[in-house]
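Okay, thanks for coming, everyone. Let me put the structure up, and then I'll talk you through a few spots in it.

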Amino acid sequence: MSFFEILEKNGWYFFTTLLSGWPATLMVAAGALVFALVFGLIIALMRISTWKLVRWPSTAYVEFFRGTPALVQLFVIYFGFPDWGYQPTPIQAAVIGLGMNGAAYISEIYRAGIESIHRGQTEAALSLGMTPASAMQHIILPQAIRTMLPPMTNFAIVLLKDTAIVFAVGVLEVMALARQLVTETLTSAPIYLMAGAMYLCVTIPMARIAARLERQRQAWH
Amino acid sequence: MSKAGSGAAAGQPLLKIQDLHKRFGLLEVLQGVDLDVARGEKVSIIGPSGSGKTTLLRCINYLEKPSAGHIYIDGTLIGEKKVGDRYVHLTDRELARERQEIGFVFQRFNLFPHLTALGNVTVAPIRVLGLSREVAELRGREMLQKVGLGHKADEYPERLSGGQQQRVAIARVLAMQPKLMLFDEATSALDPELIGEVLRVMRQLADEGATMVIVTHEIQFAGDVSDRVIFMDQGRIVEQGPPRDVLGRPSEARTREFLKHIQDR
Ligand SMILES: Nc1ncnc2c1ncn2[C@@H]1O[C@H](COP(=O)(O)OP(=O)(O)OP(=O)(O)O)[C@@H](O)[C@H]1O
Ligand SMILES: [Mg+2]
């Protein structure tokens, strides 16, 4: 059978099956994004601390998670955590794994954003009697957000695509269902291409948003 | 606030600096500065570039940590406290509390670009003093009015001229009702035609009895407004006294040389 004959015959079945993987894909991506946003901020604040003892673990964290494959990290969480008394569900393992991995990357985005704000801003805030923490919250971060939004959006795109590895710990997301379909129907190209096209439908609009944010970054109002 | 040694009655200086030293690596920028400023006094500091004027001001509100020496506001140590016979650093919160009393006007304004003029003037009263938004805005508008910018309350800094920005920065300091105001070359980042409007505001504050330490290159202004002029060179106070003495007939050769140099420009 030709490519098109296969699509004509089974296309709708492929489509609905793959579509049923999207809730899991989106849940993992969103969960990991929130995890990475919160945890990444903590890591970033630790990394710019003046205390060596606080800085050191955060630097080690970033080095470790950027220097090892995400798949290895996932396996440690899914297959390793039970040894320490916690058996995560596949979705939990995926969210924690991609979230911790993402935190390492996102902390660098936070850090670059914070460091892009002129030192005089902090000094002005401190001289008015704000604590360093309050200056960070009310003066520095609201400004840094503008610098950070475009790379954050790009990061979200990467994260969405990276969910395609979490089938390895048993999450029934788009890629897992694609593989099941391939085994079931013994066709591969049409199925993987369709899965790819589905990812594109989400990532292209996100990339356009990132580009727009980048353009808007110049002026304040 | 400053319970211990509250000097209001005792006639003690509002600001007292004792043997202040500051080193950056091997460079000793302040080499033992002693200075008392009385309540309501206006002190101008002049001196050549690199003489340590900015560093001195920054040490007063502890943006720069002194290498040695002590600073007191109203008898309260700044940036440190005495435990037994040792000096220990204040916590962030304690230090912030002390800084509320010291206003700092920067050469480059340092307005917060994400906030309107009114937002700039109210953020510290709200976040630091805990005022309600309504009360803070009432006070904020009053301060903007005072610097002649009541009509610019809702404008963002990037839409204001340099002179207007600096006046907002002054209003921002005033809204915290500080005991002491420090001005670090408040007009030297401004185009010449904008200097006057900022100096007028500063003069008005002086007339109202504020305690001010003013680093400036505006010799004429320093002469008009100050009770005392200090000439600094190479990290030391070389000469000080009433303006007519220090600016009119300086006793030190270095002061004469500096004044001549300034006039020649
Ligand atoms: N953070 C720093 N690190 C190293 N050196 C510094 C630092 N800040 C100031 N200095 C040096 O200290 C000296 C005094 O600087 P300061 O800014 O106090 O001088 P100033 O009297 O304010 O000069 P100007 O009139 O140019 O503003 C200069 O030689 C300067 O290069
Ligand atoms: Mg200076």
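Two strands pair if DSSP finds at least two bridges between them. As for the ground rules, this is a predicted model, where local features need pLDDT of at least 70, side-chain atom pairs count only at pLDDT 80 or more, and totals for chains, interfaces and linings use all residues. Residues are numbered from 1 along each chain as its sequence is written, chains are lettered from A and ligands numbered from 1 in the order in which they are written, and side-chain values use heavy atoms, with hydrogens and water left out.

So, the hairpin. In chain B, strands β11 (residues 228-233) and β12 (residues 236-241) run antiparallel and are joined by 5 bridges. Val229(B), for instance, has Gly241(B) as its bridge partner in β12(B). There are 2 residues between the strands of this hairpin, and Gln234(B) in the turn has a positive phi of about 50 degrees.

Now ligand 1. What surrounds it? Counting residues with a heavy atom within 4 Å, we get 13, and the closest are Ser49(B), Gly50(B), Lys53(B), Thr54(B) and Thr55(B). In chain B, β2 (27-37) and α1 (53-60) each supply at least two residues of that shell, and α1(B) gives the largest share, 3 residues.

For polar contacts to the ligand, I mean pairs of N or O atoms within 3.5 Å. The side chain of Thr55(B) has an N or O atom 2.5 Å from a ligand 1 oxygen, Thr54(B) puts a polar side-chain atom 2.6 Å from an oxygen of the ligand, and for Glu185(B) the side-chain distance to a ligand oxygen is 3.2 Å. Of the 630 Å² of accessible area that ligand 1 has on its own, the protein covers 60%; that's Shrake-Rupley with a 1.4 Å probe.

Last stop, aromatics. Rings of Phe, Tyr and Trp (its six-membered ring) pair if their centres lie within 6.5 Å; planes under 30 degrees apart are stacked, over 60 edge-to-face, the rest tilted. That gives 13 aromatic pairs over all chains. One of them is Tyr13(A) with Phe14(A), tilted, at 6.4 Å centre to centre and 45 degrees between the planes. Elsewhere, ring pairs link Phe35(A), Phe39(A), Tyr61(A), Phe64(A) and Phe65(A) into a cluster.

Terms used: Helix = DSSP H or I, 4+ residues; strand = E, 2+ residues; numbered from the N terminus. Polar contact = N/O pair within 3.5 Å; in protein donor to acceptor, adjacent residues only side chain to side chain.
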